[in-house]
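Please read it with the structure open.

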Amino acid sequence: MTVLTAESLADLIRRGIPDAAVAAQDLRGDGAHFSVTVEAAAFKGLSRIEQHRKVYQALAGHVDDGSLHAIQIKTAVPDSAA
């Protein structure tokens, strides 16, 4: 099981969604409970559920191995892509 930091979590999301602007916060300081805001042109035309699925796909290995216990996700499309 990998211990995550806010920055390593943000990097994983950026690798999975290359155009994403990501802000991540470790909510409890335990490396397992996070809040992320992800803004990406790749979300244009997708439902909120589809946007969240893209974020989960970028984090799949860490959700599956239990290193990421809980994540609060906020997604948006940049104004320039809207």
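**Notes on the predicted model**

1. Start with Ile13. Beyond its neighbours within four places in sequence, Ile13 is in contact with Val22, Val36, Val38, Val55, Ala58 and Leu59. The coordinates come from a predicted model, and the points below should be read accordingly.

2. The largest nonpolar core has 18 residues, and those touching the most other members are Leu9, Ile13, Val38, Val55, Leu59 and Ile71. At least two residues of this core come from each of H1, E2 and E3. The most is given by H1, which supplies four residues. As a general remark, nonpolar side chains tend to be buried together in soluble globular proteins.

3. The strands make an open sheet of three, in the order E1-E2-E3, and the pairing is mixed. E1 and E3 are the edge strands, each pairing on one side only. From one strand to the next the twist averages 15 degrees. H1 packs on this sheet and touches E1, E2 and E3, its direction making about 150 degrees with that of E1. H2 also packs on the sheet, where it touches E2 and E3, and its direction makes about 125 degrees with that of E3.

4. On the E1 side, strand E1 (residues 21-26) pairs with E2 in the antiparallel sense, over six bridges. One of the pairings sets Gln25 against Ser35, its bridge partner in E2. The two strands form a hairpin with six residues between them, and Gly29 in the turn has a positive phi of about 75 degrees.

5. On the E3 side, E2 and strand E3 (residues 70-76) run parallel and are joined by seven bridges. Phe34 stands opposite Ile71 in E3, and His33 stands opposite Ala70 in E3.

6. Is strand E2 largely enclosed or open? Five of the seven residues of E2 (residues 33-39) are buried, so the strand is largely enclosed by the rest of the structure.

7. Apart from neighbours within four places in sequence, Ile71 is in contact with Leu9, Phe34, Val36, Tyr56 and Leu59. The C-alpha atoms of Ile71 and Ser8 are separated by 14 Å, the two residues being 63 apart along the chain.

8. Helix H2 (residues 48-58) has Gln51, Val55 and Ala58 as buried residues. Seen down the axis of H2, its buried residues fall within an arc of 60 degrees, and therefore line one face of the helix. Ile49, Arg53 and Gln57 are exposed on the other side of H2.

9. How many salt bridges does a search of the whole structure find? The search finds two. In one of them Arg14 is joined to Glu7, with the closest N and O atoms 3.3 Å apart. The other brings together the side chains of Asp11 and Arg14, at 2.8 Å from N to O. Both Asp11 and Arg14 lie in helix H1 (residues 6-16), three residues apart, which is about one turn of the helix. Through shared partners, the salt bridges join Glu7, Asp11 and Arg14 into one network.

10. Arg14 counts as partly exposed, at 27% relative accessibility. Asp11 is partly exposed as well, with a relative accessible area of 28%. Glu7 is partly exposed, with a relative accessible area of 47%.

11. A last entry concerns Ser80, whose place is in the segment after E3. Ser80 counts as exposed because its relative accessibility is 75%, where exposed means over 50%. The C-alpha atoms of Ser80 and Ala41 are separated by 8.3 Å, although these residues are 39 apart along the chain.

Conventions:
Residues are numbered from 1 along each chain as its sequence is written. This is a predicted model: local features need pLDDT of at least 70, side-chain atom pairs count only at pLDDT 80 or more; totals for chains, interfaces and linings use all residues. Side-chain values use heavy atoms; hydrogens and water are left out. Buried means under 20% relative accessible area, exposed over 50%, partly exposed in between (1.4 Å probe, protein chains only). Two strands pair if DSSP finds at least two bridges between them. Contact means heavy atoms within 4.5 Å. The arc is that of the directions from the helix axis to the C-beta atoms. A salt bridge is a side-chain nitrogen of Lys or Arg within 4 Å of a carboxyl oxygen of Asp or Glu. A nonpolar core is a set of buried Ala, Val, Leu, Ile, Met, Phe, Trp, Tyr and Cys residues joined through side-chain atoms within 4.5 Å. Axes are lines fitted to C-alpha atoms, for helices over the stretch in contact, and angles run from 0 to 180 degrees between N-to-C directions.
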